[in-house]
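I am opening my notebook to record what I looked up in this structure.

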Amino acid sequence: MILEVKNMSYYYKSQRDKLILDHVSYGFECGKLYAILGPSGSGKTTLLSLLAGLDVPIQGEICYDGKPITTKDLAEHRCHHISLVFQSYNLWTHMTVYENLAFGLKLRKIPKDQIRADIDKHLKLVSMSGFEKKYPTQLSGGQQQRIAIARSLLLKPSVLLLDEPFSALDAKIRQQMREELKKIQAELGITVVFVTHDQEEAMALSHRIVVMNKGKFEQVGTPTEVYDNPATKYVASFIGEMNFIEKDGKTIAVRPEDVAITSEPADIQGCVRTIMVLGHYVEVNVQCGDLVVKCFVDRDQSERLTPGDPVNLKFLKTHIF
């Protein structure tokens, strides 16, 4: 484990009765990409701040490469092991791209020739070669984010931390930046931990997803594990889309793609409420009493349905909570 949290808790000193992080434990492996996923207020950014050494746990400890990080180690931890990229990029607007990138290297007294070579290498890595003389205000949001990531990588961290890195970007640029981050992480083989509230982003990018809820780790696993086998009703509702049917004191959870529309006797009956074409698949909402069940079907089947049609729904795979 490159980074490990052990029984860690944290609260704001002004709110001692409210734990922001509640006895969490987990180890981050070398060379993996982790998504910290959860709603606002779940403790994601606080966790990132603690991992970066910007705050100190109230209880428990953080270990780097198997050794606990003490208060006197924090400065070295921040400077040499961990690099944090903020949502706002934090580029100096009065400096060119080159000057922004060179600043940290100059503080480390790296020779000028080596600085030039390192900057050229990292600009190429983030597909920004030729932008050295530009100022941040002359760049798009996606380009600024690439420079912010390059600046962090230039310091050769063992762990790169990203706080909601793509939330301010439009959908197309966000998709490009996701692909860029995955490529960079694979090429460098470093550990990346990024905070997001976007489940699609977490599913697409990460090797492991940490689902947070009210300061606790609700579930940790691969994207497939978390999606296919949610450990709790909270995870089931937060990751992907899910139908919940209350029956006999239990909650049956079934994903829209696991609901088959059939004319044969099945699990539940209803009438087609709406039909929406969403590209290569179609969303069909079926009114079953007071409940609306969402189904994903192919285009061919949807063309045989019209609103008001009576249908039977068969659940192909369910989770019981």
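What follows are my notes, grouped by topic.

**Ground rules.** I keep in mind that this is a predicted model, in which local features need pLDDT of at least 70 and side-chain atom pairs count only at pLDDT 80 or more, while totals for chains, interfaces and linings use all residues. Residues are numbered from 1 along each chain as its sequence is written, and side-chain values use heavy atoms, with hydrogens and water left out.

**Entry 1: strand β3.** I took helices and strands as DSSP runs numbered from the N terminus (helices are H or I with at least four residues, strands are E with at least two). For burial I used relative accessible area: buried is under 20%, exposed is over 50%, and partly exposed is in between, with a 1.4 Å probe and protein chains only. How many residues of β3 are buried? In this strand, residues 33-37, five of its five residues are buried, and the strand is mostly covered.

I then looked at where the side chains point. In a regular strand the side chains alternate between the two faces of the sheet. In β3, Leu33, Ala35 and Leu37 point one way and Tyr34 and Ile36 the other way, and all are buried.

Next I asked which strands lie beside β3, counting two strands as paired if DSSP finds at least two bridges between them. Strand β8 (residues 191-196) runs parallel to β3 and is joined to it by five bridges, with Thr196 of β8 as the bridge partner of Leu37. Strand β9 (residues 208-213) also pairs with β3 in the parallel sense, over four bridges, and here Leu37 stands opposite Val211.

**Entry 2: the nonpolar cores.** A nonpolar core is a set of buried Ala, Val, Leu, Ile, Met, Phe, Trp, Tyr and Cys residues joined through side-chain atoms within 4.5 Å. The largest one has 43 residues, and those with the most contacts inside it are Leu101, Ile119, Ile147, Leu160, Leu162 and Val211. Helix α5 (residues 141-154) gives the most to this core, with six residues. I noted that a second, separate core of 29 residues includes Leu3, Ile69, Met212 and Phe217.

I also followed Leu162, where contact means heavy atoms within 4.5 Å. Leaving aside residues up to four places away in sequence, Leu162 touches several others, among them Leu48, Ile149, Leu181 and Phe194.

Entry 3: Four strands form an open sheet in the order β2-β1-β4-β5, with antiparallel pairing. The edge strands are β2 (21-28) and β5 (67-68), each pairing on one side only. Within the sheet, strand β1 (residues 3-10) and strand β4 (residues 59-64) run antiparallel and are joined by five bridges, and Ser9 has Gln59 of β4 as its bridge partner. Helix α1 (residues 44-51) packs on this sheet, touching β1, β2 and β4, and its direction makes about 125° with that of β1. For such angles, axes are lines fitted to C-alpha atoms (for helices over the stretch in contact), and values run from 0 to 180 degrees between N-to-C directions.

The other open sheet that I looked up has five strands in the order β13-β17-β14-β15-β16, and its pairing is antiparallel. Its edge strands are β13 (259-262) and β16 (291-297), each pairing on one side only. The twist averages 45° from one strand to the next.

**Entry 4: salt bridges.** I counted a salt bridge when a side-chain nitrogen of Lys or Arg is within 4 Å of a carboxyl oxygen of Asp or Glu, and by this rule the count comes to 12. Which residue does Arg178 meet in a salt bridge? Its partner is Asp198, at 3.0 Å from N to O. The pair links distant parts of the chain, 20 residues apart, with Arg178 in helix α6 (residues 171-188) and Asp198 in the loop between β8 and α7 (199-205). Arg178 counts as buried at 5% relative accessibility, whereas Asp198 is partly exposed at 21%.

Lys183 and Glu187 also form a salt bridge (3.6 Å, N to O); they are four residues apart in helix α6, so about one helical turn separates them.

Lastly, Lys294 forms a salt bridge with Glu283, the closest N and O atoms being 4.0 Å apart. Lys294 lies in strand β16 and Glu283 in strand β15, so the pair ties together parts that are 11 residues apart in sequence. Glu283 is buried, with a relative accessible area of 10%.
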